[in-house]
Amino acid sequence: MSAGNNFRFITCSVLLIFSYFAENVANEPTPIVMWHGMGDSCCAFYSLGAIKEKLNASIPGVYVHSLKIGDNFLEDVENGYFMHPDSQIEMACEKIQQDSQLANGFNAIGFSQGAQFLRALVQRCPTPRIKNLISVGGQHQGVYGLPNCGALSNNACDYIRKLLNHAAYIDWVQKGLVQATYWHDPLNEEEYKKNSSFLADINNELVINETYKTNLLVSYSNMFKVKSSK
């Protein structure tokens with residue numbers, strides 16, 4: 001499937017799911033929060049900006065908050081590579097709690113790494129409530145390979161790929177490279193569980209966090225997973 005067709009498929013899937021929920025709202029539709037993936041930003045006209053426009057057109061009156069992790073477009077893109085997910089989730093939690101239009105809960109769409117970040121948001125920041133979560137190409141069990149790096153140059157991408165292949169679980173790499181925090185080496189499960197600074201925690205693979213379990217059980221009504229084609 002080409003990139004253009006894949007984007008259209010994802011957009012149609014998202015619209016169909018949320019249109020279903022919109023039919024059950026008499027007056028004001030449930031707000032929507034979106035979280036972009038690696039190399040993207042909150043509002044690019046060719047990605048989430050376009051999806052936001054289609055949501056507004058398909059669900060009249062819907063409020064859409066596309067999360068910007070940083071103060072501007074460039075910071076938003078850079079933070080997708082270099083700000084630890086824990087800090088990103090704290091920032092997202094603060095932004096959502098400060099948005100009065102989300103106070104009564106919202107539906108959410110996460111794209112690529114934004115999907116597992118939204119799930120972690122449910123576990124760590126359950127108020128206001130995420131009612132329905134759509135995960136588009138989310139890596140909830142991690143990744144073991146880096147196909148491309150979006151906005152980064154080929155040389156920078158190659159460097160990151162080599163770093164992940166050989167040093168993903170070193171402390172400074174975990175702290176400085178987002179993709180290392182959900183790098184899941186299936187050939188070395190113990191090292192992954194011991195040194196993963198994000199994914200192993202939200203997946204309850206080290207210790208069982210009862211708060212995480214409770215927040216997941218009482219938060220969203222549905223979770224939909226949309227698989228992206230390669």
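## Basis

The model is predicted, so local features need pLDDT of at least 70 and side-chain atom pairs count only at pLDDT 80 or more, while totals for chains, interfaces and linings use all residues. Residues are numbered from 1 along each chain as its sequence is written, and side-chain values use heavy atoms, with hydrogens and water left out.

## Sheet and packed helices

Helices (H or I, at least four residues) and strands (E, at least two) are DSSP runs numbered from the N terminus. An open sheet is built from 5 strands in the order β2-β1-β3-β4-β5, with parallel pairing; two strands pair if DSSP finds at least two bridges between them. The edges are held by β2 (64-66) and β5 (222-226), and because each has a single partner strand, one side of each lacks a neighbour in the sheet. From one strand to the next the twist averages 15 degrees.

Strand β4 (residues 130-136) and β5 run parallel and are joined by 5 bridges. Ile134 has Phe224 in β5 as its bridge partner. Helix α4 (residues 85-98) touches β1 (32-35), β2 and β3 (106-111), and its direction makes about 160 degrees with that of β1. Helix α5 (residues 113-124) touches β1, β3 and β4, at about 140 degrees to the direction of β3. Axes are lines fitted to C-alpha atoms, for helices over the stretch in contact, and angles run from 0 to 180 degrees between N-to-C directions.

## Ala168

Ala168 sits in the loop between α6 (154-167) and α7 (171-176). Ala168 has a relative accessible area of 3% and is buried (under 20%; exposed is over 50%, partly exposed in between, with a 1.4 Å probe and protein chains only). Beyond its neighbours within four places in sequence, Ala168 is in contact with Leu163, Val173, Gln174, Ala180 and Trp183. Its C-alpha atom is separated by 9.0 Å from that of Asn195, 27 residues apart along the chain.

## Cavity and pocket

On a 1 Å grid over the protein atoms alone, a cavity is a set of points where a 1.4 Å probe fits but cannot get out; a pocket is an open set with protein on both sides within 12 Å along at least five of seven lines, and lining residues have an atom within 4 Å of a point. The largest cavity has a volume of about 40 Å³. Its lining includes Ile96, Phe106 and Ser219.

The second largest pocket has a volume of about 180 Å³. Among its 13 lining residues, Glu28, Pro29, Pro31, Gln101 and Asn104 lie nearest its centre.

Methods
Grid points are joined across faces, edges and corners, and a volume is the space filled by probe spheres set on the points. Contact means heavy atoms within 4.5 Å.
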